[in-house]
Amino acid sequence: LSDTALKAGDNATVTLDFSEAVASFSSDADITVPNLDNGTTSGTLAAMTSSDNKIWAGIFTPTANAEDASNTLSLTANSYKDLAGNDGPSETTENYVVDTKAPSVSSLQLTDGVTTLSTFTDRCFPVTSNIIVTFSEAMVTSHITTSTSDTHCAGSIQVSSDNFSSCVRMSTEPTASDNTNRTFTLDPNGNLSYDTTYKVRVTTGVKDVLGN
């Protein structure tokens, strides 16, 4: 496979190089694409073609909105023959990853360092609270950014009390709270204001580890 980490919009060229020319080979019948947990396949392999019946190639397109870390394409034994009629053995590709699903925010929390609350609706929070954003999967930390130098609404995570005309300045860039790079904490530069409603916005500037 020309690409073993397939994100949204990617495809891979699958090349199959036999030791000699083969007969009765059809990629549609002889190569198996693995199933995902939901019963769909991890992708679609277009019919492979060859100019010499030895080296075959086709395009593999991953299934949309799917995530699976363990996949191999399998060539079935005895499903093809050489020109003398000898059956060929089974083979598999190296592992490839399918992640064509966009990351999402799985939880948004505030904390005062002691108590963590999971909902913002009609709740009061200490002005010393930090903001905790947890994503559905591992993220690229360099794409998790915020406003640290002023109150302009910059970065991929923004906090505002005036519908993003301005934003809360943070003391540092968001920090990953664990080694999974899923949970990030934002620490305001000073306390939040009393009797104030804040909004938190996560932009499409965030990316998961494959670049979705």
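This is a predicted model: local features need pLDDT of at least 70, side-chain atom pairs count only at pLDDT 80 or more; totals for chains, interfaces and linings use all residues.
Five aromatic pairs are present in the structure. In one of them, the ring centres of Phe18 and Phe25 are separated by 5.4 Å and the ring planes meet at 75°, so the arrangement is edge-to-face, given that angles over 60 degrees fall in that class. Both partners are buried: Phe18 has a relative accessible area of 8%, and Phe25 has a relative accessibility of 10%.

Phe18 also pairs with Tyr80. Here the centres are 5.0 Å apart and the planes are at 50°, so this pair is classed as tilted. Phe18 is located in the loop between β2 (12-17) and β3 (22-23), and Tyr80 in the loop between β8 (74-75) and β9 (81-82); the pair therefore ties together parts that are 62 residues apart in sequence. Tyr80, like Phe18, is buried. Through ring pairs, Phe18, Phe25, Trp56 and Tyr80 are linked into a cluster.

A contact between a charge and a ring involves Phe164: the charged end of Arg201 sits over the ring of Phe164, at 3.9 Å from the ring centre. Phe164 lies in the loop between β15 (157-160) and β16 (175-176) and is buried, with a relative accessibility of 14%. Although Phe164 is not a glycine, its phi is positive, at about 70°.

A positive phi is likewise found at Asn53, also not a glycine, with a value of about 65°. Asn53 belongs to the loop between β5 (43-45) and β6 (55-62). Its relative accessibility is 35%, so Asn53 counts as partly exposed, whereas Phe164 is buried.

Notes:
Residues are numbered from 1 along each chain as its sequence is written. Side-chain values use heavy atoms; hydrogens and water are left out. Rings of Phe, Tyr and Trp (its six-membered ring) pair if their centres lie within 6.5 Å; planes under 30 degrees apart count as stacked, over 60 as edge-to-face and the rest as tilted. Buried means under 20% relative accessible area, exposed over 50%, partly exposed in between (1.4 Å probe, protein chains only). Helices (H or I, at least four residues) and strands (E, at least two) are DSSP runs, numbered from the N terminus. A charge sits over a ring if NZ of Lys or CZ of Arg is within 6 Å of the ring centre and within 35 degrees of the ring normal.
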